[in-house]
Amino acid sequence: MADSNSTILYTLTDEAPALATYSFLPIVKAFAATAGIHVESRDISLAGRILATFPEVLTAEQRVPDALSELGKLATTPEANIIKLPNISASIPQLKDAIAELQSLGFNIPDYTETPSSEEEKNAKAKYDKIKGSAVNPVLREGNSDRRAPRAVKNYAKKHPHSMGAWSADSQTKVASMPSGDFYGSEKSVVLPSATDVKIELVQNDGTTKVLKEKTSLKAGEIIDASVMNQRALRSYIATEIEEAKAKNLLLSVHLKATMMKVSDPIIFGNVVSVYFKDVFEKHAAEFASLGINPNNGLGDLYAKIESLPADKKAAIEADINAVYAKNPAIAMVNSEKGITNLHVPSDVIVDASVPAAIRTSGKMWNKDGQLQDTLMIIPDRSYAGVYQTVLDFCKKHGAFDPTTMGSVPNVGLMAQAAEEYGSHDKTFQVPANGKVRVVDSNGNVLLEHTVEEGDIWRMCQTKDAPVRDWVKLAVTRARLSNTPAVFWLDKNRAHDAELISKVELYLKDHDTSGLDIRILSPDQATQFTLERIVKGLDTISVSGNVLRDYLTDLFPILEVGTSAKMLSIVPLMNGGGLFETGAGGSAPKHVEQFLEEDYLRWDSLGEFLALAVSLEHLFNTTGNAKAKVLSETLDSATEKFLENDKSPARKVGEIDNRGSHFFLSLYWAQALAAQNNDAELKAKFTPIKEALTNNESKINSELIGAQGHPVNIGGYYKPNAELTAKAMRPSETFNQIIDSI
Ligand SMILES: NC(=O)C1=CN([C@@H]2O[C@H](COP(=O)(O)OP(=O)(O)OC[C@H]3O[C@@H](n4cnc5c(N)ncnc54)[C@H](OP(=O)(O)O)[C@@H]3O)[C@@H](O)[C@H]2O)C=CC1
Ligand SMILES: O=C(O)CCC(=O)C(=O)O
Ligand SMILES: [Mg+2]
């Protein structure tokens, strides 16, 4: 690394944002270099992380460094200045696809075997399990989260409102949760008076004890909690809701976070699959076992695995599946044209994006005929489901939200150091036998205990004290800076939240809160309070735990500005560095599909623009590089102009796409740099660039739009060929020459 103080690390990730990077990063590098800033990339894509894990089976040329560990370490230092794009949190089907692709490209990596027998298979599985699910964000998030829609973005939405489906008071759509036996109902919590190590063990009813996790080190003041979801109760609730959906003629949909909650939620998903298709799973149990079919991987995996059967056997199973479809309520579709249902892949329907999308379409989801229909939404655990039900009820009463007038909901989220449920993967277990799960400290004291049954999902969460203090401080700072009421979304009836409330009340005293409106409300009440303000055009800061941070920063942006891509997502790292996430959404797999079919990328890089501006500003604040400040300010005005002139990607061939949007940003950025008078050198540098871009606007545009409209081959999905992708993403020779000349 050159001068590490003037370095910004830009992450290479997956799917649509990775494609966009092939077009945008050369622009970023060129502009930043004029201020002596090095923008270096680090590959943390799913494929990159797999390759970094198995150096021993790769040739010297194939080996790649472990960029995620490097960035994880950097995030704990004041030097960190990282721009983090969304990445795939892989479900098992995605992980297996990525492995197969890499193997086909000549990388000799091992298979992922779900039920390993040899030591070798077990080792490989253990390594892959660390790559699976949300394995990137928790490593980098050494700070809490500060997400909001900038004023310019709100103003854009007011002027150019996105579509909002009308709501009817007769909508039958509803959220259905378990009446009991869920995590919410069983949570227990303690605060550690002093540091200790704990062991998690299962004392089985046969008298033997099985250690589930040998050692977890805890700090003084840390909150730990444990909860359990009873599998019998889960299955009986699912069966009830299937009948309810059938009786009311509603679609059935399941909304989970199988990516972040990579241990618990695939199991819950699998229970929905195996209860819905109970007849099929019972009748073909032996066949399915020999094929290695696991309902947790969804119907897509089942269909793929029965392909290997003789035609008559396969047809018999398909007939039984169809008989279930005929008997049970229709399932909401992910892609009705391709027959992909909500039960196909656990990572296709992710609660934070999927429920808001349905709220935007009048509370309806797509049925198999490609029509919108009311839906019964299965969200088994009650901890956060009420938030969505409150929004549905509000829409039934007040109609759809109006983006031209509605207020905004920035979020301050407790996220640092894998706080709460989002750090629980390595402490989540599907219980192997009836008994008691206990958390025991190094002196043998039992801190938490639950009676459990085989098949239950038990988990422990940790929330360290320093992040809580930092979060409270961030909330007060935001409330003060924006002069906006702030609501802590905490439920005093939940054991964990009750402990957190005590800490919040204590740490609020460390700050001057005079004149500020700071409240603590349960998630349901907070939703109601916030929505009543939103329709009056008033803003309300949500101060939430880690899960609600994630849910709310998709929910409100999707309603307010059409997508969470337009969020400013700052993570002030606790040791002084900066992590700048781009938007609050994901990696948009549907966009890649469209790109491959018609060479049109509808990914909106606004999140990248916003993140880059704050990263440059942070660089100025930490190094005093005045040119970085000029770049940051001019980028912000370019982004504003970009919004005013409506240059975001559209959705269809023939219109501006992601690449065209990068051209306009460059044009406006160069124009702003040429117009400013704070730095004469930059002004001189960018004056001819601005002229070249301005004079060639129509030529560049026609080169960019002319490239669209046919299938494109980039040589891979998880590891696209760099040359082919760069060629596809930089199709305007004229534009490339100008950028490369900077
Ligand atoms: N920070 C991170 O690293 C995150 C990663 N993820 C990962 O992303 C993947 C997909 O997650 P999913 O929950 O489906 O959510 P996504 O946010 O990827 O997709 C939902 C929809 O939101 C719209 N959208 C999101 N971002 C943009 C953008 N920049 N420009 C235009 N439209 C956008 C698209 O709508 P339309 O199709 O209508 O254009 C997209 O289909 C998963 O692998 C998940 O693990 C998810 C969340 C955060
Ligand atoms: O890491 C992930 O899987 C998703 C993260 C996410 O959705 C978020 O933090 O908003
Ligand atoms: Mg999210």
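Residues are numbered from 1 along each chain as its sequence is written, and chains are lettered from A and ligands numbered from 1 in the order in which they are written. In this predicted model, local features need pLDDT of at least 70 and side-chain atom pairs count only at pLDDT 80 or more, while totals for chains, interfaces and linings use all residues.

The chain holds 28 helices and 24 strands. These are DSSP runs numbered from the N terminus (helices H or I, at least four residues; strands E, at least two). The radius of gyration is 26 Å, close to the 27 Å that the globule rule gives for 742 residues, so the chain is as compact as a globular protein of that length. That radius is taken over C-alpha atoms, and the rule is 2.2 Å times the number of residues to the power 0.38. The C-alpha trace spans about 80 × 70 × 60 Å along its principal axes. Of the 742 residues, 52% count as buried (20 or more other C-beta atoms within 10 Å of the residue's own, with C-beta atoms placed from the backbone).

The domain assignment, which is automatic or from a database, gives domain 1 (4-142 + 573-740), domain 2 (174-179 + 231-398) and domain 3 (184-229 + 421-461). The C-alpha centres of domain 1 and domain 3 lie 40 Å apart.

Strand β3 covers residues 81-84. N81 and I83 point one way from β3, I82 and K84 the other way, and all are buried. β3 pairs in the parallel sense with strand β1 (residues 7-12) over two bridges. Y10 has I83 in β3 as its bridge partner. β3 also pairs in the parallel sense with strand β24 (residues 578-582), over four bridges. K84 stands opposite E581 in β24. Pairing requires at least two DSSP bridges between the strands.

Ligand 1 is surrounded by 22 residues (C-beta atom, placed from the backbone, within 6 Å of the ligand). The closest are S89, A565, G585, G586 and D604. Its shell has eight nonpolar, 11 polar and three charged residues. Domain 1 and domain 2 both give residues to this shell, so ligand 1 lies between them.

The residues around ligand 2 are S89, S134, N137, T259, M260, D352, D550, T553 and A584. Two are nonpolar, five polar and two charged. Domain 1 and domain 2 each supply at least three residues to the shell around ligand 2.

Terms used:
A residue is buried if 20 or more other C-beta atoms lie within 10 Å of its own, exposed if 12 or fewer, and partly exposed in between; C-beta atoms are placed from the backbone. Ala, Val, Leu, Ile, Met, Phe, Trp, Tyr, Cys and Pro count as nonpolar, Asp, Glu, Lys and Arg as charged, and the others, Gly among them, as polar.
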